[in-house]
Amino acid sequence: MKYVLKTKDICKNYKDFKALNGLTMNVPQGSIYGFVGKNGAGKTTLIRLVCGMQLPTSGELELYGAKLTDKEISKSRRRIGAVVETPSIYLDMTAVDNLKQQYRILGLPSFEGIDEILKLVGLEDTGKKKAKHFSLGMRQRLGIAVALCGDPDLLVLDEPINGLDPQGIIEIRELILKLNRERKITVLISSHILDELARLATHYGFIDNGRIVREMSAEELEAACRKCMRITVSNTSVLAKVLDDMGLEYTIIDDSHADIYAKPNITQLSMALANENCEVLTVEEHDESLESFYISLVGGAGND
């Protein structure tokens with residue numbers, strides 16, 4: 001497997017505070033890599049290092065095969081487009097003028113391709129309307145359009161749907177999927193809206209206290225967040241005995257709830273429980289969300 005970004009034991013210290021503490025991650029080429037972590041876990045710090053806005057205290061970072069100490073690293077960084085924290089746009093300019101300004105900054109020879117980028121992000125009809133009059137979702141899409149100037153291979157997005165309304169979230173999601181599938185752009189995306197991230201990501205990196213605690217593919221996550229049958233009974237001690245006798249895998253949650261990782265014959269199960277004076281109260285299909293999996297992985301509540 002080819003990787004566009006690899007880090008090994010990356011540390012970033014701010015005086016006595018360790019923002020990153022031996023972080024190792026691998027972002028596969030062509031992936032949408034979801035970067036998941038609580039507030040203060042180190043997500044934005046890592047993104048700043050990847051984009052060259054800061055340097056690590058120690059450790060290794062490799063971008064398209066070039067290490068930080070290689071001359072080719074600046075060439076590799078030109079293959080990155082990024083929206084870090086807030087979109088880098090000029091509010092008193094139109095969408096077209098924002099892109100023209102970015103073309104000038106990048107030293108591109110002509111303004112060819114601007115119309116295509118604006119159409120790609122759905123801003124081709126904004127005309128002379130200035131960015132300060134755009135909705136939050138339109139500004140976010142303009143920020144991505146600016147990041148696409150220079151035709152990057154890797155798009156880095158820091159909380160791209162933060163604060164957006166449901167329609168804005170859908171538009172950004174569809175845009176990211178289009179860029180990945182049609183333009184083959186690798187996307188590194190951090191988000192605290194974990195269930196939305198689950199609609200996008202092909203790979204995940206879970207970060208806690210400045211370290212990657214687990215990397216996995218969407219398929220591996222789906223297996224970990226597997227579907228089950230959640231059952232409510234009058235006595236889970238009796239339920240456990242009956243399920244053991246039936247050879248079924250299960251997890252007891254509390255005195256009245258349990259998850260069964262199979263589809264047993266409900267009539268057969270109910271009769272077996274009734275024989276033991278245990279009543280079945282409810283049965284429903286259930287699967288663990290990305291958010292609950294993340295919390296079980298790193299512990300604690302609340303995430304960024």
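1. Contact here means heavy atoms within 4.5 Å. On that basis, and setting aside neighbours within four places in sequence, Leu221 is in contact with Tyr204, Phe206, Met216, Leu290 and Phe293. The model is a predicted one, and the points below should be read with that in mind.

2. Overall layout. The chain has 11 helices and 14 strands. Its C-alpha trace spans about 80 × 45 × 35 Å along the principal axes. Of the 304 residues in the chain, 44% are buried. Among contacts with a separation of 6 or more, 68% are between residues 24 or more positions apart.

3. Leu221, continued. This residue belongs to helix H8, which covers residues 218–224. Leu221 counts as buried because its relative accessibility is 5%, and the cut-off for buried is under 20%. Pro28 is 193 residues from Leu221 in sequence, and the C-alpha atoms of the two are 16 Å apart in space.

4. Helices H3 and H5. Two packed helices are described by the angle between their axes and the distance between the axes. For H3 (residues 95–106) and H5, the axes come within 9 Å and cross at roughly 30 degrees. The two helices are therefore roughly parallel to each other, since angles under 35 degrees count as such. H3 passes H5 in a right-handed crossing. The H3 side of the contact consists of Ala95, Asn98, Leu99 and Gln102, which meet Leu142, Ala145 and Val146 in H5. By class, this contact has 5 nonpolar, 2 polar and no charged residues.

5. Helices H5 and H6. H5 (residues 136–148) also packs with H6 (residues 166–182): their axes come within 10 Å and cross at roughly 20 degrees. That angle makes H5 roughly parallel to H6. The crossing of H5 with H6 is right-handed. From H5, the residues involved are Gly137, Gln140, Arg141, Ile144 and Leu148, and they meet Glu171, Ile172, Leu175 and Leu179 in H6. This contact divides into 5 nonpolar, 2 polar and 2 charged residues. On the spacing of such residues, an α-helix has 3.6 residues a turn, so residues three or four places apart point the same way.

6. Thr126. This residue sits in the loop between helix H4 (114–120) and H5. Is Thr126 buried or exposed? Its relative accessible area is 14%, so Thr126 is buried. The Thr126 side chain reaches the backbone oxygen of Leu123 at 3.0 Å. Beyond four places in sequence, Thr126 is in contact with Ala95, Phe134 and Met138. Ala95 is also one of the H3 residues that meet H5.

7. Helices H9 and H10. H9 (residues 236–246) and H10 (residues 266–274) pack at an angle of about 125 degrees, with their axes 10 Å apart. The pair is therefore oblique. The crossing of H9 and H10 is right-handed. Val238, Leu239, Val242, Leu243 and Met246 in H9 meet Gln268, Leu269, Ala272 and Leu273 in H10. The residues of this contact divide into 8 nonpolar, 1 polar and no charged.

8. Burial and ends of H9. Which residues of H9 are buried? They are Thr236, Val238, Leu239, Ala240, Val242 and Leu243. What covers the buried residues of H9 includes strand S11 (227–233), strand S12 (250–252), S13 and H10. At the start of H9, a side-chain oxygen of Asn235 comes to within 2.9 Å of the backbone nitrogen of Ser237. After H9 comes Gly247, with a positive phi near 70 degrees.

9. Asp259. Asp259 lies in strand S13 (residues 257–260), and S13 is among the elements covering the buried residues of H9. Asp259 is buried, because its relative accessible area is 6%. A polar contact of 2.7 Å joins its side chain to that of Arg230. Leaving out residues up to four places away in sequence, Asp259 touches Cys228, Met229, Arg230, Glu249, Tyr250, Thr251, Ile253 and His286.

Notes:
Residues numbered from 1 in each chain as written. Heavy atoms only, no water. Axes fitted to C-alpha atoms, helices over the stretch in contact; angles between N-to-C directions. Helix = DSSP H or I, 4+ residues; strand = E, 2+ residues; numbered from the N terminus. Parallel < 35°, antiparallel > 145°, perpendicular 65-115°, else oblique. Left-handed = near helix turned anticlockwise from the far one by under 90°. Nonpolar A, V, L, I, M, F, W, Y, C, P; charged D, E, K, R; others polar. Buried < 20%, exposed > 50% of the residue type's maximum accessible area, 1.4 Å probe, protein only. Polar contact = N/O pair within 3.5 Å; in protein donor to acceptor, adjacent residues only side chain to side chain.
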